[in-house]
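Colleague: Could you take a close look at the charged side chains in this model for me? I'd like to hear how they sit and what they pair with, plus whatever turns up around them.

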Amino acid sequence: LPLGATRDRVVGTLSVEDALAGEADFDPGLLARAHRGILYVDEVNLLDDHLVDVILDAAASGVNTVERDGISVSHPAEFTLIGTMNPEEGDLRPQLRDRFALQATVEGCRAIDDRVEIIDRALEADDGASDPRTEYADAVDALRDELAAARERLSSVALPTDFKAEIADLCLEAGVDGHRGDVATARTAMTIAALEGRETVIEADVHEAATYALPHRLRSTPFEDEPDLDDLLEDRFDEE
C-alpha cells in the first residue's frame with residue numbers, strides 16, 4: 001500500500017452511472033488483491049486517518065464494502081496486516097496500535113565479523129558472482145519444512161491454565177487496554193512451543209511471547225511514563 005494511496009485505490013471504485021443502468025462496474029482495489037494474502041504498509045505510522053479506518057474495518061469484518069449513492073458492492077477481504085515504521089518519524093496511531101498482534105525491532109548487526117560478511121555479500125551481488133536464491137536454497141527449503149511441521153503441530157499444543165492466568169496478570173500489570181494483548185501473547189507462546197517441537201507451553205515461551213506481543217501496547221499515563229516491559233518481565237519471571 002503506497003503512502004500516498006487514495007481511498008479509491010484501497011477500497012476500489014464503483015461507477016454510479018453504470019450501477020444505475022443495472023450493471024454495476026466495480027474496479028477492485030488493494031483490499032481485494034490482498035484477500036487471503038498480505039497487505040503490507042510501509043511507514044504505517046504516517047498513514048492518513050481515513051485509510052486507517054477503512055483498513056481496520058475490513059480487517060475486523062473480513063469484508064470490504066463500497067457504497068456510492070445508494071449502490072453497494074461487497075467482497076471478501078481477509079488478510080494479514082504488516083506494517084513498518086521508523087519511530088523517530090512519529091508514533092503509531094492509537095487505533096492501529098492494538099490491532100497489530102506482534103512487533104519486532106530491526107537493528108543493524110553489531111558484531112564486526114557479521115558486518116564484514118554483509119559487505120562481502122553486497123559486493124559479490126554487485127559483481128554477479130553469486131545468486132542468493134541458489135546459495136541459500138537448501139536453507140530456505142529446510143525452513144519451509146520446519147514451519148510446515150510447526151503448523152501441523154500447533155493444534156496439539158496445550159497452554160496450561162496457570163500460564164493463562166500468568167499472561168492475564170502480566171497484561172493487567174503492564175496496563176494493556178482490552179484483551180487483544182492477552183490473546184496475542186497466548187497464541188504466540190503456543191506458536192513458539194510448536195516451532196520448538198513441543199506440545200506444551202513452558203514458562204520461557206510465555207516470556208518470549210510477551211516481548212513480541214506487548215511492547216507496542218504499553219502506554220504512558222498523565223504525569224507518568226509508560227511501564228518498562230523489560231523490568232516487568234525481569235521482576236516477574238525472576239521471582240518465579
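Modeller: Let's start with arginine 36, which is exposed, its relative accessible area being 75% (buried means under 20%, exposed over 50% and partly exposed in between, using a 1.4 Å probe and protein chains only). Keep in mind that this is a predicted model, where local features need pLDDT of at least 70 and side-chain atom pairs count only at pLDDT 80 or more, while totals for chains, interfaces and linings use all residues. Numbering runs from 1 along each chain as its sequence is written, and side-chain values use heavy atoms, with hydrogens and water left out.

Back to arginine 36: its phi is positive, about 65°, although the residue is not a glycine. You'll find arginine 36 in the loop between helix 3 (30-33) and strand 3; helices here are DSSP runs of H or I with at least four residues, strands are runs of E with at least two, and both are numbered from the N terminus. Glutamate 43 is another non-glycine residue with a positive phi, near 55°. That glutamate sits in the loop between strand 3 and helix 4 (49-61).

Strand 3 itself (residues 37-41) holds tyrosine 40. Together with Ile38 and Ile82, Tyr40 makes up a nonpolar surface patch whose accessible area comes to about 280 Å². Patches take residues with over 30% relative accessible area and no salt bridge, joining nonpolar side chains (Val, Leu, Ile, Met, Phe, Trp, Tyr) within 5 Å and like charges within 9 Å; the areas come from the Shrake-Rupley method with a 1.4 Å probe, and for residues only the protein chains shown count as cover. Tyrosine 40 counts as partly exposed because its relative accessibility is 41%.

Now the pairs. Counting a side-chain nitrogen of Lys or Arg within 4 Å of a carboxyl oxygen of Asp or Glu as a salt bridge, you get 6 of them. One joins arginine 93 to aspartate 49, at 2.2 Å from N to O. This one ties distant parts of the chain together: aspartate 49 belongs to helix 4, and arginine 93, 44 residues apart from it, lies in the loop between strand 6 (79-83) and helix 5 (94-97). Both partners are partly exposed, arginine 93 at 22% relative accessibility and aspartate 49 at 40%.

Other bridges are local. Arginine 121 meets glutamate 117 at 2.5 Å, N to O; these two are 4 residues apart in helix 6, so about one helical turn separates them. Arginine 121 is partly exposed at 40% relative accessible area, and glutamate 117 is also partly exposed, at 36%. Arginine 144 and aspartate 141 pair up too, their closest N and O atoms lying 2.8 Å apart. Here the spacing is 3 residues in helix 8 (residues 137-154), so again about one helical turn. Aspartate 141 is partly exposed, at 37%. Then there's a network: Asp98, Arg180 and Arg217 are joined by salt bridges that share partners.

For charges, Lys and Arg count as positive and Asp and Glu as negative, with His and the chain ends not counted; each charge is placed at NZ of Lys, CZ of Arg, CG of Asp or CD of Glu. Helix 6 (residues 112-127) is the biggest contributor to this patch, with 4 residues. Glutamate 124 is in that helix, and counts as partly exposed because its relative accessibility is 34%.

Aspartate 182, in helix 10 (residues 180-195), is buried yet has no salt bridge: the nearest side chain of opposite charge is arginine 217, 7.4 Å away. Beyond residues up to four places away in sequence, aspartate 182 touches Ile167, Ala168 and Cys171, where contact means heavy atoms within 4.5 Å. Aspartate 205, in helix 11 (residues 203-213), is buried too, with a relative accessible area of 3%. Setting aside neighbours within four places in sequence, aspartate 205 is in contact with Ala189, Ile192, Ala193, Arg198 and Thr200.
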